[in-house]
Amino acid sequence: MHLHRYEKWWLTFGIGALIIFLAIVGIQAFHQGHQPPSAKVKVDPERVDQTEPFTKPGLHKVTGKDWDYELVIVASAFMFNPGEIEIPRGSKVKIIATTKDVVHGFEVAGTNINMMLEPGYVSEYITTFKKNGEYLIVCNEYCGTGHHMMSARLKVVD
Ligand code: CUA
C-alpha cells in the first residue's frame with residue numbers, strides 16, 4: 001500500500017501522541033500506587049492468621065502514631081473477626097482489614113466507611129467515631145450462599 005507523505009506524517013504524529021498520552025497515564029498510575037486511597041499493602045491470603053497485625057484481630061491502642069487505635073479485621077466466608085467491636089467515642093481509628101478467602105465488602109452502615117476486601121491485599125481506612133451508637137457492619141460484595149448473613153456489630157461508647 002502506498003502512503004502519501006502527509007499521511008505518514010500524521011500517522012507518526014498520532015502514534016507519538018498516543019505514546020505520550022499512555023506515558024502520562026502510566027506515570028499517574030505509578031504515583032497513585034504509592035499513595036492510594038486504600039493502600040495496596042500485600043498479604044499472603046493463605047497465611048493471614050500468621051501475619052501481623054492479623055494475628056490479633058480486634059481494637060488495639062497504639063502510641064506514637066497519627067491515630068489512637070488500630071482496628072484489625074479479618075473477613076472470611078461468612079463472618080468478620082471480631083464480630084463485636086467497642087470503640088471509645090472521639091477516638092481516631094485506623095481500620096486495617098483483609099480477607100482469607102474471596103472478595104468481601106466492609107461497610108459500616110450509615111457512614112462513609114465502605115471498603116472492598118480483596119484476597120492478597122490489606123485495605124485501610126482512618127476515621128474518627130464522633131457519635132455514640134451502635135452500627136451494623138455489613139458485607140456488600142456478593143461472596144456466596146452466606147453473604148446476606150455476613151455482618152458484625154460496632155458500638156461507639158463513652
Ligand atoms: Cu462476604 Cu458478602
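Between which two strands is the loop that holds threonine 111 found? Threonine 111 is found in the loop between β7 (104-108) and β8 (114-117). The model is predicted: local features need pLDDT of at least 70, side-chain atom pairs count only at pLDDT 80 or more, and totals for chains, interfaces and linings use all residues. Residues are numbered from 1 along each chain as its sequence is written, and side-chain values use heavy atoms, with hydrogens and water left out.

**Figure 1. The elements of the protein.** The protein has 1 helix and 11 strands. Helices (H or I, at least four residues) and strands (E, at least two) are DSSP runs, numbered from the N terminus. In that direction the elements follow the order α-β-β-β-β-β-β-β-β-β-β-β. Of the 158 residues, 32% count as buried. Buried means under 20% relative accessible area, exposed means over 50%, and partly exposed lies in between (1.4 Å probe, protein chains only).

Figure 2. The largest pocket has a volume of about 170 Å³. On a 1 Å grid over the protein atoms alone, a pocket is an open set of points with protein on both sides within 12 Å along at least five of seven lines, whereas a cavity is a set of points where a 1.4 Å probe fits but cannot get out; lining residues have an atom within 4 Å of a point. Grid points are joined across faces, edges and corners, and a volume is the space filled by probe spheres set on the points. Among the lining residues are Gly110, Thr111, Asn112, Ile113, Tyr125 and Tyr135. Strand β9 (residues 121-128) gives the largest share of the lining, 3 residues. The lining divides into 4 nonpolar, 5 polar and 2 charged residues. Here Ala, Val, Leu, Ile, Met, Phe, Trp, Tyr, Cys and Pro count as nonpolar, Asp, Glu, Lys and Arg as charged, and the others, Gly among them, as polar. Threonine 111 counts as partly exposed because its relative accessibility is 25%.

**Figure 3. A nonpolar surface patch.** Tyr6, Trp9, Trp10 and Phe13 make a nonpolar surface patch of about 550 Å². Patches are made of residues with over 30% relative accessible area and no salt bridge; like charges are joined within 9 Å, and nonpolar side chains (Val, Leu, Ile, Met, Phe, Trp, Tyr) within 5 Å. Accessible areas come from the Shrake-Rupley method with a 1.4 Å probe, and for residues only the protein chains shown count as cover. Phenylalanine 13 has its place in helix α1 (residues 5-34). With a relative accessible area of 46%, phenylalanine 13 is partly exposed.

**Figure 4. Salt bridges.** A salt bridge is a side-chain nitrogen of Lys or Arg within 4 Å of a carboxyl oxygen of Asp or Glu. By this rule the count comes to 6. One of them joins lysine 65 and glutamate 70, whose closest N and O atoms are 3.0 Å apart. Lysine 65 is partly exposed, at 43% relative accessible area, whereas glutamate 70 is buried, at 12%. Another salt bridge pairs arginine 153 with glutamate 84, with 2.9 Å between the closest N and O atoms. This pair links distant parts of the chain, for arginine 153 is in strand β11 and glutamate 84 in strand β5 (residues 84-88), 69 residues apart. Arginine 89 also forms a salt bridge, with aspartate 158, and the closest N and O atoms are 2.5 Å apart. Arginine 89 lies in the loop between β5 and β6 (92-99) and aspartate 158 in the segment after β11, so this pair ties together parts that are 69 residues apart in sequence. Arginine 89 is partly exposed, at 45%, while aspartate 158 is exposed, at 72%. Salt bridges that share partners join Glu84, Glu134 and Arg153 into one network.

**Figure 5. Two cis peptide bonds.** Most peptide bonds are trans. In this model, a cis peptide bond joins alanine 77 and phenylalanine 78, with omega about 0°. Phenylalanine 78 has its place in the loop between β3 (69-76) and β4 (79-81). The peptide bond from asparagine 81 to proline 82 is also cis, with omega near 0°. Proline 82 lies in the loop between β4 and β5.
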